[in-house]
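Let's go through this one with a few questions and answers. Have a look at the chains first, then read on.

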2 protein chains.
Amino acid sequence: MSILGDLTVPIIQAPMAGGPSTPALAAAVSEAGGLGFLGAGYLTVQKLTEDIAATRALTGKPFGVNLFVGGGTPADPAAVEAFADRLAVESARSGVALGTPRFDDDAFDAKVDALAADPVPVVSFTFGLPSSGAAQRLRAAGSELWMTVTSPDEARQAAALEPDALIVQGVEAGGHRGVFVDDEHASDLTLLSALQLIRAAVDVPLIAAGGLGSGAAVGAALVAGASAAQVGTAYLRAQEAGTSEAQRAATAEPTPTVLTRAFSGRLARGITNRWHRTHAADAPRAYPEVHYMTSPLRAHARKTGDADAINLWAGQAHQLAEALPAAEITRRLAADARAAIAAAAERL
Amino acid sequence: MSILGDLTVPIIQAPMAGGPSTPALAAAVSEAGGLGFLGAGYLTVQKLTEDIAATRALTGKPFGVNLFVGGGTPADPAAVEAFADRLAVESARSGVALGTPRFDDDAFDAKVDALAADPVPVVSFTFGLPSSGAAQRLRAAGSELWMTVTSPDEARQAAALEPDALIVQGVEAGGHRGVFVDDEHASDLTLLSALQLIRAAVDVPLIAAGGLGSGAAVGAALVAGASAAQVGTAYLRAQEAGTSEAQRAATAEPTPTVLTRAFSGRLARGITNRWHRTHAADAPRAYPEVHYMTSPLRAHARKTGDADAINLWAGQAHQLAEALPAAEITRRLAADARAAIAAAAERL
């Protein structure tokens, strides 16, 4: 049986790199019958290994690890420099120096090495596709491979690697868009549109991601053809999440979200705030250079509770997120999805 | 019983002003158990009255009429003039002179007068809300009132007028966005996100609109809390639709859609083409001034089959639209929705 087929609850906890994802969150979701995920993005290999061990200590159930796929090209240093000048006002405001911009691939190969040597049940990929060599190594080690896509074109490319599932991310999703190339040609498909078009394009199990903040929406995604729903924002206020207090509070408010490059140099959806409004127009396509540059200021803002200088990643339905144990969130989403489907079947 | 409650098929044909909507299309959908709509936008009162009579001659079932709510303010003439200069190249290319830009409210009051004097079962509104006086007159005449909204804020404003239903339009929808104010603060909520947030905000029956190109997606919308689905693009290639041949052909292709002001001065979603790529960056917020200016060129392009100069309004899932009689499209969408819901209920 596949991991998807074995789930007692069709809920995948989205990996939320940069803080919210924790071993405790992943383990709680897996224990509740869903599938928890660790976000390997921004972690050192050492920290990833520790987080995997910590998750295993909390649950004997399967869980997954998400990898960021590098492979872009370094940004124009002059564009990064110009944005650094714009951000000087933020340094002055907070008294924290900008980080040094640098280009890297998030130690992708080293993380694949670690996962091939000590495999987890599922490895998922975001921002692109692994090489066929990396895919083969992880599969040979016993991992299922799931790949994040946002369009039929990306789905066809991913399908050539024979993935066990495709995670279909709609434009309403919180955090970084999973687009393979972050430019003006990137897909703006919403989840329902992407599910329809990708379902027509490839024959691979689909997992729906983006804006699924309620059981009714999870049920909708399952009816639209997904085998399961990947839910991130709904767990942002979970007790086990590593979300900062300021972000927890902002997540509960009805403030709209926006797509912005102002925090990381890559398009991501977050709750609108001063930093976005001040800097989005000037932010270059420069990932992860801008991420590294703003990182110390964002860490400081999380510590001091300044929501106006935090990357408040969140999907469009964020205000529905509840402050509950992750197991309870998982069970409610699944029960409400079942009830919504049953009610619609009854009405028809 | 309400109109929604009486439908044997939970499918509303979206009004598609500017050509695709015809009495034959509206009548065919109503005859199939759904609800057909006439788009009153851009029509004279005389033509609207004729279209209503023509629809009545084809069906004894209920149908609806959609009104554009004016109420914006005239654009800066200098901005319109500057865009006219940009469009000179299109006049030169086609040999057709630009139309005269003008501001109007689409004869809203006169259309309300006509509908109050000779009512139809449903009147829906787009781009804003009717005055409470106009709403009262139409309701007193016996019409149900449905209002198009794109966000919880708009839904709360609409709910104050006690509508019989709210049409929740997601950003994936084809054609003009229904936003009350077409500016940078307008909602970018996708259909699933909007349904969740509006369901939590108001207690009014909801109709889902935007990107619903398959029965599975219609089923998803019903599970997400909608009482019915409003479907436009799925009928663009219907035999009874007034869609031009060039647009029918373009609709069947997998070309992406974009939001653009290049054709009308108001943000609308259409299939990307040369006109959009050339002029979108310069197009001002100036509706309906730009609509009138480009109208003769677009009419010419429809006649000559030049898809690169037509406003190819379409939702994101347009390539799924089938060339079939409207009754067959209606029945398939409903049957596939039922099947998708039953399959999901079975799996859980």
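Predicted model: local features only at pLDDT ≥ 70, side-chain atom pairs only at ≥ 80, totals over all residues.

**Around the axis**

Residues are numbered from 1 along each chain as its sequence is written, while chains are lettered from A and ligands numbered from 1 in the order in which they are written.

Q: Which element gives the largest share of the side of chain B that touches chain A?
A: Counting contacts as C-beta atoms, placed from the backbone, within 7 Å, 35 residues of chain B meet 35 residues of chain A. Helices here are DSSP runs of H or I with at least four residues, strands are runs of E with at least two, and both are numbered from the N terminus. Two or more residues each come from α8 (191-201), α9 (215-223) and α13 (326-347) of chain B. The largest share, 7 residues, belongs to α9(B).

Q: How many charged residues does the side of chain B that touches chain A have?
A: Ala, Val, Leu, Ile, Met, Phe, Trp, Tyr, Cys and Pro count as nonpolar, Asp, Glu, Lys and Arg as charged, and the others, Gly among them, as polar. On that basis the side of chain B that touches chain A has 23 nonpolar and 10 polar residues, and its charged residues number 2.

Q: Is α8(B) mostly covered or mostly uncovered?
A: A residue is buried if 20 or more other C-beta atoms, placed from the backbone, lie within 10 Å of its own, exposed if 12 or fewer, and partly exposed in between. Among the buried residues of α8(B) are L191(B), L195(B) and R199(B). With 9 of its 11 residues buried, α8(B) is mostly covered.

Q: How are α4(B) and α12(B) oriented to each other?
A: Axes are lines fitted to C-alpha atoms, for helices over the stretch in contact, with angles from 0 to 180 degrees between N-to-C directions. Here the axes of α4 (residues 77-94) and α12 (residues 289-304) of chain B come within 11 Å and cross at roughly 5°. Angles under 35 degrees count as roughly parallel, over 145 as roughly antiparallel, 65 to 115 as roughly perpendicular and the rest as oblique. So α4(B) and α12(B) are roughly parallel.

Q: Is F127(A) buried or exposed?
A: F127(A) sits in the loop between β4 (122-126) and α6 (132-140) of chain A. Its phi is near 85°, a positive value in a residue other than glycine. Because F127(A) has 24 C-beta neighbours inside 10 Å, it counts as buried.

Q: Is E162(B) buried or exposed?
A: E162(B) is in the loop between α7 (152-159) and β6 (165-169) of chain B, and its phi is near 50°, a positive value in a residue other than glycine. Because E162(B) has 12 C-beta neighbours inside 10 Å, it counts as exposed.

Technical notes. Contact = placed C-beta atoms within 7 Å.
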